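Please look at the sequence and the model below, and then follow how some of the charged side chains pair up.

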Amino acid sequence: MLTGCTPWPPDDAARYRREGYWRDEPLDALLRHAARAHPERTALVAPGVRLRYAELDARADDLARGLLALGLGPGDRAVVHLPNRPEFVLATFALLRIGALPVYALPAHREQEIVHLCAVSGAAAYLVPDRHLGHDHRALARTVAERLAARGGTAPRHVLVAGDAQEFTALDEVERTGRALRADRPPTGRAAALATDPPPAPAADDVALFLLSGGTTGLPKLIPRTHDDYAYNARAAAEVCGFDSTTVYLAALPAAHNFALACPGVLGTLAVGGTVVLPADPGPGEALRLVAEEGVTATALVPSLLALWLEAQSALPEDLSSLRLVQVGGARPDAATAARVGPVLGGTLQQVFGMAEGLLCMTRPDDPPDLVLACQGRPVSPADEVRVVDAEDRDVPPGTVGALLARGPYTLRGYYRMPEHDALAFTGGWYRTGDLVRALPGGNLVVEGRVKELINRAGDKVSAKEVEDQLVAHPAIRQAAVVAEPDPLLGERVAAFVVLESGAVCPTAAEAGVFLRGRGLAAYKAPDRLQPVGSLPLTAIGKVDRKALLGASTGAAPDAVPAPDSPAPSAQPG
């Protein structure tokens, strides 16, 4: 196990292997096996690109050889800052095949996050597009190098660019070098010897890649995922979702995010021989067109993007008859929006609750519709273990809201090089997810918010999610986000930010309180302050950015804008 990472206890690891969850294979075997089983099937579709499995597998090998020739190898870290394009998939498998570890940055990340990721991981390489959605990532790479040098750090040895590389190294040139090696026309020198002597396959129980923590405060933590556990993550999710060789999966969310990468996402689709479709534009217009043109059968959305899809499809409908499954996760959708998935988009709604740290819960495609609307699903693995506990880690009665603890064959046992944080985030092998849930009969979970989103108002505990869900039932309110505001008398008070329906008049806090009490909420849960905003600010992965709202809560909140790589909303994102 990589230094700085926490392994599973030997007894647990042995059980996961014995029971078949772990297969002792490197993660890249997902593609290798599929390419051998059906080499002529279409694996990847992108603008101007259509790759068969044999082609994708061979090109990943070529890029791997080229990376070795460049001097990258086992144990090296590479910050992968690529949008949803073929180079992302090729780089992922090429890095895995040489034993290098991808560190997945999200497209919306900028200087602060990338400097942090390069420094913490000790990155040897930084992979970027030339430009994406108007942003020059080559300029970003220069700034990152300057910032790292200014703080006494070391910049990545290689900046690899998909597109016009300028003074950096072009990814397609690295791939061409690897192709020349395959054709027995190796370049001369030491690099050739390195590239023609491939490294041994990585140990399946070692770290394969790093995902990022999805919190909205502070810089992201690195989440080590092993070959064994992440391959199982993708396979288990694909099985629950019914993915097979007929699946056509549209990666509408950033593929660098766990949801779109392996839940089942890109990796789960390739593992079963399906087809992955990568849109050039993250907006709903392009995505819906591709659903119709490519016969997309499944996709994954966050609630904010789902709202845009619903509006776009209602205004200019596409033929979505191929769509069978619409996964919605990243945050709990409001019931009214979730109920529109079937009637407007045609596919079956699947609620998904999970985390890059591991535990993954899903409703099942054959669950009754009322259950799908009422909960966020149950764990995908028979070996998943969950507990719902109170503040003293005592199990609460069934149906009672409590903090969620989890452990299992794909849930981490520690962050990368964060022992002090691990002492708080783990207890007896259980991961403290930070989520407030209640368990329904049958093991399904209802997500009631985050532990940190529990507002302590003069000693009374207020769930931000509970108040939000009731506020959007008001006829004037389209979306709502509730945060804790510091208060000298109460300690914390309830501040609500609302997006109004078109032409609606914003209710006062007092009027909202009367409405909420009429819906059965205690008086202390009503907003102390209610502020209309043009839209709700979003994090890089489309969740409501509560930190930004809290920063604006001392005065009038400005109209929020989407994150740099979020689709520009024609309606307010949720």
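## Salt bridges in the predicted model

R478 has a relative accessible area of 29%, which means that this residue is partly exposed. In this model, which is predicted, R478 forms a salt bridge with E501, and the closest N and O atoms of the two are 3.4 Å apart. The pair links distant parts of the chain, since R478 belongs to strand β26 (residues 477-487), while E501 sits in the loop between β27 (491-500) and α19 (509-518), 23 residues apart. E501 is partly exposed as well, with a relative accessible area of 31%.

The side chains of E468 and R546 also meet in a salt bridge, at 2.7 Å from N to O. This pair, too, links distant parts of the chain, with E468 in helix α18 (residues 464-471) and R546 in helix α20 (residues 546-552), 78 residues apart. Both E468 and R546 are buried.

A further salt bridge joins the side chains of E175 and R179. These two residues are 4 residues apart in helix α7 (residues 171-182), so about one helical turn separates them. E175 is buried, at a relative accessible area of 8%, whereas R179 counts as partly exposed at 35% relative accessibility.

| Salt bridge | N to O distance |
|---|---|
| E175 and R179 | 3.5 Å |
| E468 and R546 | 2.7 Å |
| E501 and R478 | 3.4 Å |

Salt bridges can also join into a network, as they do for D28, R32, D57, D61 and R97. Altogether, the structure holds 47 salt bridges.

Terms used. Residues numbered from 1 in each chain as written. Predicted model: local features only at pLDDT ≥ 70, side-chain atom pairs only at ≥ 80, totals over all residues. Heavy atoms only, no water. Salt bridge = Lys/Arg side-chain N within 4 Å of Asp/Glu carboxyl O. Buried < 20%, exposed > 50% of the residue type's maximum accessible area, 1.4 Å probe, protein only.
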